[in-house]
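Good morning, and thank you for coming. I shall present one structure today and take its features in turn. Please keep the sequence and the model in view as I speak.

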Amino acid sequence: MRTLSLTVAISLGTAAAAFAAPPVKTVETEKGPVLAAENGMTLYTYKDDQNGVSACYDACAKNWPPFMVEGDATADGTYSIVERKDGTKQWAKDGMPLYFWVKDKKMGDVTGDGVKGEWDAARP
């Protein structure tokens, strides 16, 4: 019985750890290292956003889809969770909401970096 309890405790601890950090990684690009989602797609920040508040909705969000929080994920270190005005949740780094760019097609693409002087590839 003690072994079973230990196994259950380890399993629960592992499951909790899986949700502890945001699903991001660093990817090398032609512009150097950038933050990317687990799928390898580059993440961006928007200069019109404010700390903890997204300003990208409607047509903006169609071109720059928010990096949404899935499941029971929780904030961790420099990564926080921003509540959008529709009640959904989006990842942020250093308080700045994170987005994808619809014109990036493969891992390592950074075609959104510098768009209109408003968008920057997120850096580790």
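Asp 109 forms a salt bridge with Lys 106, and their closest N and O atoms are 2.9 Å apart. By salt bridge I mean a side-chain nitrogen of Lys or Arg within 4 Å of a carboxyl oxygen of Asp or Glu. Asp 109 is buried, at a relative accessible area of 13%, whereas Lys 106 counts as exposed, at 54%. Here buried means under 20% relative accessible area, exposed means over 50%, and partly exposed lies in between, with a 1.4 Å probe and protein chains only.

Before I continue, a word on the source: this is a predicted model, in which local features need pLDDT of at least 70 and side-chain atom pairs count only at pLDDT 80 or more, while totals for chains, interfaces and linings use all residues. Residues are numbered from 1 along each chain as its sequence is written, and side-chain values use heavy atoms, with hydrogens and water left out.

How many salt bridges are there by this rule? The count comes to 4. One of them joins the side chains of Lys 47 and Asp 120, at 3.7 Å from N to O. Lys 47 lies in the loop between β3 (44–46) and α2 (59–63), and Asp 120 in strand β7 (residues 119–121), so this pair ties together parts that are 73 residues apart in sequence. Asp 120 is partly exposed, at 27% relative accessibility. Another salt bridge links Lys 93 and Asp 94, at 3.1 Å from N to O. In that pair, Lys 93 is buried at 14%, and Asp 94 is partly exposed at 48%.

Let us turn to the aromatic rings. Rings of Phe, Tyr and Trp (for Trp, the six-membered ring) pair if their centres lie within 6.5 Å; planes under 30 degrees apart count as stacked, over 60 as edge-to-face, and the rest as tilted. By this rule there are 6 aromatic pairs. The rings of Tyr 44 and Trp 64 have centres 5.4 Å apart and planes at 80 degrees, so they are edge-to-face. Tyr 44 lies in strand β3 and Trp 64 in the loop between α2 and β4 (79–83), so the pair ties together parts 20 residues apart in sequence. Trp 64 also forms a stacked pair with Trp 119, with 3.8 Å between the centres and 0 degrees between the planes. Because Trp 119 lies in strand β7, this pair ties together parts that are 55 residues apart in sequence. Both Trp 64 and Trp 119 are buried. Tyr 44, Tyr 46, Trp 64, Tyr 99, Trp 101 and Trp 119 form one aromatic cluster.

Next, the strands. Helices (H or I, at least four residues) and strands (E, at least two) are DSSP runs, numbered from the N terminus. The protein chain has 2 helices and 7 strands, in the order α-β-β-β-α-β-β-β-β along the sequence. Two strands pair if DSSP finds at least two bridges between them. Strand β1 (residues 24–29) pairs with β2 in the antiparallel sense over 6 bridges, and the two form a hairpin with 2 residues between them. Thr 26 has Leu 35 in β2 as its bridge partner. Of the 6 residues of strand β2 (residues 32–37), 5 are buried, so β2 is largely enclosed by the rest of the structure.

Finally, of the 124 residues of the protein chain, 39% count as buried.
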